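Work through the exercises below with the structure open. Each task is followed by a solution in steps.

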Amino acid sequence: MPSIAKPTSQQAIDALRAIVVEGTLRPGKAADEVLGVVPELCIEPAHEAELSRVLDYARQAGLLVAPRGGGTKLDWGNAPRAIDLAISTARFNRILEYAPGDMTVTAGAGVTIAQLQSALSAHRQRLALDPLWPERATAGGVVATNDSGALRLRYGSIRDLILGITVVLPDGTIATSGGKVVKNVAGYDLPKLMSGALGTLGIITRAVFRLHPLPHGSQTLSFAFHDCESANRFLLAIADSMVVPTGLQMRTGADGTAQADVRIDGIDAGISAQTETVLKLAGSVNPSAPDGDPWQAREQLWNDYPRNHQSSNAAESASRVACIVKLSMLPAQLSSTAAYVRQALGANAAWTLLMYSTGLAWLRVDAADGASMAEFIVSLRSFLAPTGGTAVLLKAPPVLRQKVDVWGDAGSALPLMRRLKEQFDPHGILNRGRFVGGI
Amino acid sequence: MPVRGAAPEQRPGRQRALGGEVNPAFLQALGAIAGEGLITSPGELRTYECDGLAAYRVVPGAVVLPSTADEVQAIVRLCAREHVAFVARGSGTGLSGGALPVEGGIVISLTRMNRILDLDIPNARVVVEPGVVNATVSQRVAPYGYFYAPDPSSQSVCTIGGNIAENSGGAHCLKYGFTTTHVLALDVVLPDGSLVQLGANTLDPLGYDLPGVFVGSEGTLGVATQVTLRIVKRPEVIQTLLAAFDSTHAAGAAVSDIIASGILPAAIEMMDRLAIQAAEAAVHAGYPECGGLLLVELDGPAAEVEALMAQVRERCLFQQASEVRVAQSEAERMVIWKGRKAAFAAMGRISPNYIVQDGVIPRTALPAVMDEIARMSERVGLRVANVFHAGDGNLHPLVLYDRRIQGQEQEAEELAGEILKLCVRVGGSITGEHGVGADKKMFMSEMFAEPDLQTMQLVRCAFDPDHLSNPGKVFPRTPLCAERPGPYVPHPLEISGEAQLF
């Protein structure tokens with residue numbers, strides 16, 4: 001339990017002002033809202049020591065804290081009941097150490113992905129990860145949300161690229177784990193534990209990443225298939241061939257046709273030889289000019305998302321509901337899942353499904369009502385569950401969030417996850433209730 | 001904070017049966033679970049007194065060899081009820097004393113659980129029991145054109161369960177990653193006896209990355225009873241190049257050149273003169289005599305490997321390699337690797353005793369570190385042979401000594417320890433793949449500050465608050481775990497449903 005009495009708003013401001021000397025403190029504004037909840041106060045600590053004191057105070061005072069980076073994915077997870085204090089890592093925006101010869105970089109949590117990639121490209125290197133909205137998304141935010149794009153096929157997700165991490169715990173402890181070298185098995189792998197933990201265990205202040213060389217060249221081939229089955233077969237054939245793509249996906253929608261995209265990186269000799277193999281595997285289907293950059297397809301799912309959906313006005317949002325769902329399935333299940341979606345949504349729904357050959361997929365659905373959409377999510381989960389698959393609501397209006405849990409069933413390890421949370425954040429001040437199982 | 005400060009002793013009622021023999025009633029209960037899979041005779045127990053690091057020895061109270069996950073669960077439940085410590089063990093090839101028994105505790109040997117349960121080639125997944133030998137997985141999927149990427153040098157003997165405990169790497173992890181990269185899901189018996197699934201068959205399972213935490217936890221968080229592994233399509237072409245240099249400096253410069261040119265080799269291994277001599281004496285790999293030998297392996301699409309290998313050759317010649325040759329056949333390639341993989345054991349040819357060290361440095365620090373190791377070696381008067389995964393900076397210095405000479409073992413241990421401290425000083429790690437185990441726990445404080453270690457212990461307290469699973473390993477001190485908090489108490493204003501909490 002909090003060790004001091006719950007402060008009044010003014011008391012909290014006074015106490016925090018005394019702590020945050022170099023950073024800034026201000027009241028929350030409408031623009032700071034997280035799923036309709038406006039933080040009481042917003043704070044930007046200037047360095048780890050300030051953040052440590054802020055968190056220690058917040059824990060003692062029982063303030064509910066919401067960490068934030070670039071603010072691009074704050075609506076992932078359950079809606080917060082309340083936010084007393086939004087803590088931004090915006091000031092942790094420096095690249096702290098870049099060793100091109102060792103191909104490692106240490107970045108402050110607030111460094112944006114674009115800022116990082118731009119610095120790395122000077123040495124023809126990159127963080128081999130393509131998360132959403134790189135101009136605004138931060139290193140810390142991408143770690144906390146475990147966001148990954150098409151490059152994952154070849155380079156893994158953030159858990160495979162992160163080498164070390166520094167977090168501040170709710171009691172103010174500043175803890176570093178992992179290391180600055182590519183290979184290291186000393187102690188528990190907390191960088192992985194923090195990856196995808198949605199800020200529920202500690203606030204990330206810096207991370208060390210392993211880097212890869214920028215490819216010499218890159219080529220994308222797109223193929224239009226009449227149906228998802230052939231597209232899925234094509235993807236599996238490439239995965240089972242000698243081709244080593246850095247992107248392999250199919251896109252489908254209500255019309256039932258499927259576009260398959262293959263990206264091959266490397267030196268010219270390698271690209272042309274692999275291209276030949278890909279063309280052979282495509283058989284009679286000829287490559288077509290892609291409509292724009294197919295590797296932007298994931299980000300485009302968020303385009304034109306109806307704004308009024310944040311409204312909790314039931315009448316308004318009942319008529320037309322849009323949502324974005326992240327699916328996880330087995331690679332051989334892409335077409336059967338697409339078929340299930342088509343059958344379940346019926347002829348009248350508008351939807352787009354982007355499916356990676358790794359078994360991750362993103363579904364955007366428009367124009368369905370809240371109740372039938374909730375039913376659809378539940379049935380989709382039952383469809384995927386037997387093979388270990390999941391369906392997580394990334395974007396959904398309140399009317400849908402009220403009807404269905406955004407995460408789904410976390411399985412037999414949920415009690416263990418709760419114990420981890422209790423150890424790291426015994427008072428539950430960090431993003432309370434937003435993670436799986438209400439953690 | 002639940003964990004703060006070292007525990008002077010266990011809380012009353014949670015005392016382990018330390019220092020004594022396991023009591024007869026407990027043994028009887030174990031026997032009821034495992035039947036003839038229970039070892040209690042002193043002679044047989046001795047087989048389990050150490051792992052690959054023979055310097056530490058403890059005879060366990062009993063060894064139990066379960067055949068099923070249910071049996072493992074029953075054994076761990078019994079241990080939890082009776083507060084008896086247990087140490088899970090695979091083939092016992094570990095080099096850090098991770099499978100060293102605990103006095104008064106039992107060893108759970110998983111070698112009987114060695115079935116491959118499922119092959120799913122279209123989805124590139126394999127489900128195995130923990131006692132399956134590493135190399136068996138690759139052999140089993142080879143007909144389909146796949147392999148299991150982590151390849152520790154002991155792969156013909158070591159088990160997947162042991163690999164999971166240690167997060168084993170191998171020569172090819174520069175490109176393919178470590179055990180943790182390839183484990184999707186695990187069934188784990190937690191130290192309280194509950195059986196849970198960590199991770200999933202699919203990517204991005206819900207919740208915390210528990211496989212990420214469990215893999216590499218050195219047996220301190222529970223016992224894996226079933227593992228879903230990812231397998232990898234075998235590359236079209238594998239080419240291996242040998243390059244001879246005058247010194248490890250020159251070889252190191254070539255490595256930097258290769259990496260800087262944007263090539264990501266499947267493996268880059270380096271051996272110094274002493275290591276080459278030993279390997280030659282042991283397996284006649286046909287290595288050229290030189291001061292620094294480089295072994296570079298490229299794999300991938302044929303056209304690409306062909307072109308990149310020409311570049312690698314060029315870089316080596318630019319750095320004054322006296323000889324560069326590419327293996328012309330698979331047999332020749334295997335011989336090259338045989339020499340490298342036999343390098344540790346080969347030390348027996350040139351020294352009566354030796355210590356295998358495992359440290360990591362930022363690759364660019366290699367020349368300076370090699371010089372410093374040479375100076376340290378000279379100062380103490382003990383030879384140090386060097387074998388390392390040069391691509392990722394993982395050093396394996398081998399400190400050679402003669403136990404028969406009074407005090408030399410002690411000196412060798414001190415030198416091996418000083419090398420570790422050197423690794424940490426240049427920004428590296430005390431272990432790249434052998435683990436901390438019993439051997440290096442006192443070096444954890446060289447690498448991590450007290451708050452860092454206490455934060456790691458929070459994980460231990462969540463998984464194993466009674467410290468029954470491989471206690472006394474990895475960390476220099478045993479944490480005092482807080483009592484689990486009582487039922488969740490909602491914030492008063494949460495009840496009232498107000499958004500404003502002030």
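Axes are lines fitted to C-alpha atoms, for helices over the stretch in contact, and angles run from 0 to 180 degrees between N-to-C directions. The model is predicted.

**Exercise 1.** Find how helices H14 and H15 of chain B are oriented to each other, and list the residues in their contact.

Solution. 
1. H14 of chain B covers residues 366-380 and H15 of chain B covers residues 408-425; they pack at an angle of about 160°, with axes 11 Å apart.
2. Angles over 145 degrees count as roughly antiparallel, so H14(B) is roughly antiparallel to H15(B).
3. The crossing of H14(B) past H15(B) is right-handed.
4. H14(B) contributes B:Val369, B:Glu372, B:Ile373, B:Met376 and B:Val380, while H15(B) contributes B:Glu411, B:Leu415, B:Glu418, B:Ile419 and B:Leu422.
5. By class, this contact has seven nonpolar, no polar and three charged residues.

**Exercise 2.** Which residues touch the most other members of the largest nonpolar core? List the contacts of B:Val399 beyond four places in sequence.

Solution. 
1. The largest nonpolar core has 302 residues, and B:Ala254, B:Leu294 and B:Val399 touch the most other members.

**Exercise 3.** Describe the side of chain A that touches chain B.

Solution. 
1. Count the partners: 83 residues of chain A contact 81 residues of chain B.
2. Elements giving two or more residues to the chain A side include helix H1 (9-19), strand E9 (174-178) and helix H9 (268-282) of chain A.
3. H15(A) gives the most, with eight residues.
4. The chain A side divides into 39 nonpolar, 29 polar and 15 charged residues.

Terms used. Residues numbered from 1 in each chain as written. Chains lettered and ligands numbered in written order. Predicted model: local features only at pLDDT ≥ 70, side-chain atom pairs only at ≥ 80, totals over all residues. Core = buried A, V, L, I, M, F, W, Y, C linked by C-beta atoms within 7 Å. Buried ≥ 20, exposed ≤ 12 C-beta atoms within 10 Å, placed from the backbone. Contact = placed C-beta atoms within 7 Å. Helix = DSSP H or I, 4+ residues; strand = E, 2+ residues; numbered from the N terminus. Parallel < 35°, antiparallel > 145°, perpendicular 65-115°, else oblique. Left-handed = near helix turned anticlockwise from the far one by under 90°. Nonpolar A, V, L, I, M, F, W, Y, C, P; charged D, E, K, R; others polar.
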